[in-house]
Amino acid sequence: MASPRPAVLVARQAPAAVLARLHAEFDVDLNEPDVVLPRPELLQRLQGKLACMITGSERIDAELLDACPELRFVSTVSVGFNHIDVPACTARGVVVTNTPDVLTESTADFGFALMMAAARRMSEGERMLRDGRWQRWSWDLLAGADVHGATLGILGMGRIGQAIARRGHHGFGMPVIYHNRSRLDAATEAAVGARYVSQDELFAEADHLILVLPYSPAVHHLVGAQQLALMKPTATLTNVARGGIVDENALVAALRAGRPGAAALDVFEGEPQVNPALLTLPNTVLTPHIASATIKTRTAMAALAVDNLLALVSGRPPLTALNPEVIERQT
Ligand code: DGY
């Protein structure tokens, strides 16, 4: 008798062609309606599952792991993994994988586009036009801040930060300054045209500041009233990292006070809920966590998540493990 196939929960929809490769090796429990599974249903559907393919919407913590002792592999379709307690997984021998690299360029494109939209007041202009409030041309109608030649600030200089720096430096002639936990080596700094500065200098000197650092409790509300007060009144703040990095109430107060001049946010503290005050401010550009959302990139992310699971069940090392020590321990 053939041995039973391993079972996987696919917690959110993914491209059918990508999932077909999973069906070939696993018994797949697919969340067809693609709604976020309520926690009790997530726990119930994980019973007896060896693996799960999740997104940022599903929280994997010690309580869940203890309630689902057969779970061995967690593959998240995201580069960010703040929704997963990786140390708790490691302690229980659960391998965790994510999807870095494949989304770098698309996310950098979007971060740059959001920054430009805030600087050039594109959302304000579109809202004015659609609402029928555009009455005539005037020389200073929605006049914003230049992007070319302005100083680009980047907080968090990983792969996405560097991709944004390249765009600013090579494409828009922007002096680039950055702050990061660790400084890049001189060759990498030169390749992306970036200069290392302190965090306070970054907030004070940037004309356009983009947040791309990973979220952890250590950086919760890192951007609060004190940092925002350092920014220029003409500056923009863009966040394509995680909502919790910015204290949204402090940002609302700062935007009302006119420093920084505008903000562009793709991520929010309580998403999909959005702080209602942000919705009422004219100087915000707000998008629903779509920085990596191109068909090509989202397909590549799902494909990498599936590749990781297929590798794991066939005894090969996964491509992008967050805790490879679990596999080393087992071999
Ligand atoms: C990521 O990959 O972390 C993006 O934020 C999508 O969740």
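This is a predicted model: local features need pLDDT of at least 70, side-chain atom pairs count only at pLDDT 80 or more; totals for chains, interfaces and linings use all residues.

A: Residues are numbered from 1 along each chain as its sequence is written, and side-chain values use heavy atoms, leaving out hydrogens and water.

On the domain 1 side, the residues giving up the most area to domain 2 are N82, D101 and T297, together 74% of what that side buries.

So who's who? Domain 1 comes in two stretches, 7-101 + 295-330, and domain 2 covers 104-286 (the bounds come from an automatic or database domain assignment). Taken over C-alpha atoms, their centres sit 32 Å apart. Five residues from domain 1 and five residues from domain 2 make the contact (heavy atoms within 4.5 Å).

Now look at D101 again. It forms a salt bridge with R159, and their closest N and O atoms are 3.4 Å apart (a salt bridge is a side-chain nitrogen of Lys or Arg within 4 Å of a carboxyl oxygen of Asp or Glu). The count of salt bridges between the two domains is one. There are also four residue pairs in polar contact across the interface, both residues at pLDDT 80 or more (a pair of N or O atoms within 3.5 Å; within protein, one must be able to donate a hydrogen and the other to accept it, and residues adjacent in sequence count only if both atoms are side-chain atoms).

By class, the side of domain 1 that touches domain 2 has one nonpolar, three polar and one charged residue (Ala, Val, Leu, Ile, Met, Phe, Trp, Tyr, Cys and Pro count as nonpolar, Asp, Glu, Lys and Arg as charged, and the others, Gly among them, as polar).

Notes:
Buried area is the accessible area (1.4 Å probe) that two parts lose on being put together, summed over both.
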